[in-house]
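Here is a short tour of how two chains meet and how one of them is built. Have the structure open beside you as you read.

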Amino acid sequence: MHELSLAESMVSELKEYIEREKVNKVFSVTVQMGYFSGVEKEPFEFAYPIVTEGTKLEGSKLIVEELAGIVLCSDCNKKTQLDIPLIQCGSCSSRNVTFTQGKEFLIKSMEIE
Amino acid sequence: MCLDCGCQEGNEKKFFHTHDHNGHTHPHTDGHDHSHEHTHDNANSRMVKLEQNILAKNDEFAEKNRKFLKEKGIITVNLISSPGSGKTTLLEKTLERFKGKVNCSVIVGDQSTDNDAKRLEDKCDNVHQIETHSSCHINAEQVSDVLSKVINDDTQILFIENVGNLICPAAFELGEDFKIALLSTTEGEDKPIKYPVLFSDARIAILTKTDLIPYLDWDLKKCRQYMRQINPGMFIFELSAKTGEGMDAWINYLETLIV
């Protein structure tokens, strides 16, 4: 379960921000998780209260925004959402596509006081 | 009611007003869901945008490794598969073929023991085992820590044998030139679509244990189709490290990569 170590790295990044900006309280943290990021929502949510214990993040809410896979087609130039498990253009079925969304694993924002 | 936009608690759309939303303006009665950049629960709170990559620290180490290895002209491959699909056996046979011809180094990751490193030490002078303990993957910092121990001025190829796991190692860049996904014939043809993150990211797939195909209800054609479905440009090798069948193509390919 690499989500636990990922939650730990996220908390250490956030702690740096909290100290630097002298944040009093954290209400929530919003994370963006792409379908192709290799990270699972449930274990990450499970890990969050454990790794935030004893920090200023303790008791804050974790909001996970899941991002679907979106590809740009080099043949018809359209952006379409992937219909997993097919990695192909949703418009012309070409397989000549590149990811424009779905590999993200980002801390999007934090609600603070 | 929210003081900033006037909408109701819980994002209800009763109160008609317009506000900026992802670059366009629309009334709250519009009907489509949207999230707010501000909260309704905590009166004095504010939202700060961070847009920070959670794997940034790992990626920094990976970039440092990549630069170091590139400068030395070393080809680095990251071998990923489920446990028991034949990574170590493939490496044993590959190192045997390269002995005296191509200078190889190996970093091998397992949760526990140095059994794999011991298996490879006879075939190669530069083998280092990383024991990951509770972790299910090797990270870039661990590779960075041992690089100077396994790399020398003559090294041409660095093989990183990751922890046996199809999910987690795919999320961690190590500084490799590319990932190789291994899949053995005893695992089922549909692994590529069951584990699309790895198989869509790996440049190469190696189907191992092809000598067992006659004894299994395993459809090679179907497996190739699944691979192409998830990664159309994927380079596929089919081999048996045990019998040597298909090994020439793999060895020749690696030789073409060496500068």
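A:Ser109 finds its bridge partner across the chain boundary: in E3(B), that partner is B:Lys49. Please keep in mind that this is a predicted model. The bridge belongs to a pairing of strand E6 (residues 105-112) of chain A with E3(B), which runs in the antiparallel sense over 6 bridges.

How many residues does each chain bring to the contact? Chain B puts in 30 residues and chain A puts in 26 residues. On the chain B side, at least two residues each come from strand E3 (46-53), helix H6 (196-201) and helix H7 (220-230). E3(B) gives the most to this side, with 8 residues. Sorted by class, the side of chain B that touches chain A has 15 nonpolar, 11 polar and 4 charged residues.

Now let us turn to the sheet inside chain B. Its 7 strands form an open sheet with parallel pairing, in the order E6-E5-E7-E4-E8-E9-E10. Which strands are at the edges? They are strand E6 (126-131) and strand E10 (235-238) of chain B, each of which pairs on one side only. From one strand to the next, the twist averages 20°.

| Strands | Sense | Bridges | A bridge partner pair |
|---|---|---|---|
| E6 of chain A and E3(B) | antiparallel | 6 bridges | A:Ser109 and B:Lys49 |

The axes of helix H1 (residues 56-71) and helix H4 (residues 140-150) of chain B come within 8 Å and cross at roughly 35°. Is that crossing left-handed or right-handed? The crossing of H1(B) and H4(B) is left-handed. H1(B) contributes B:Asn58, B:Phe61, B:Ala62, B:Lys64, B:Asn65 and B:Phe68. Facing them in H4(B) are B:Ala140, B:Glu141, B:Val143, B:Ser144 and B:Leu147. By class, this helix contact has 6 nonpolar, 3 polar and 2 charged residues.

Definitions and conventions. Residues numbered from 1 in each chain as written. Chains lettered and ligands numbered in written order. Predicted model: local features only at pLDDT ≥ 70, side-chain atom pairs only at ≥ 80, totals over all residues. Axes fitted to C-alpha atoms, helices over the stretch in contact; angles between N-to-C directions. Helix = DSSP H or I, 4+ residues; strand = E, 2+ residues; numbered from the N terminus. Left-handed = near helix turned anticlockwise from the far one by under 90°. Contact = placed C-beta atoms within 7 Å. Nonpolar A, V, L, I, M, F, W, Y, C, P; charged D, E, K, R; others polar. Pairing = 2+ DSSP bridges.
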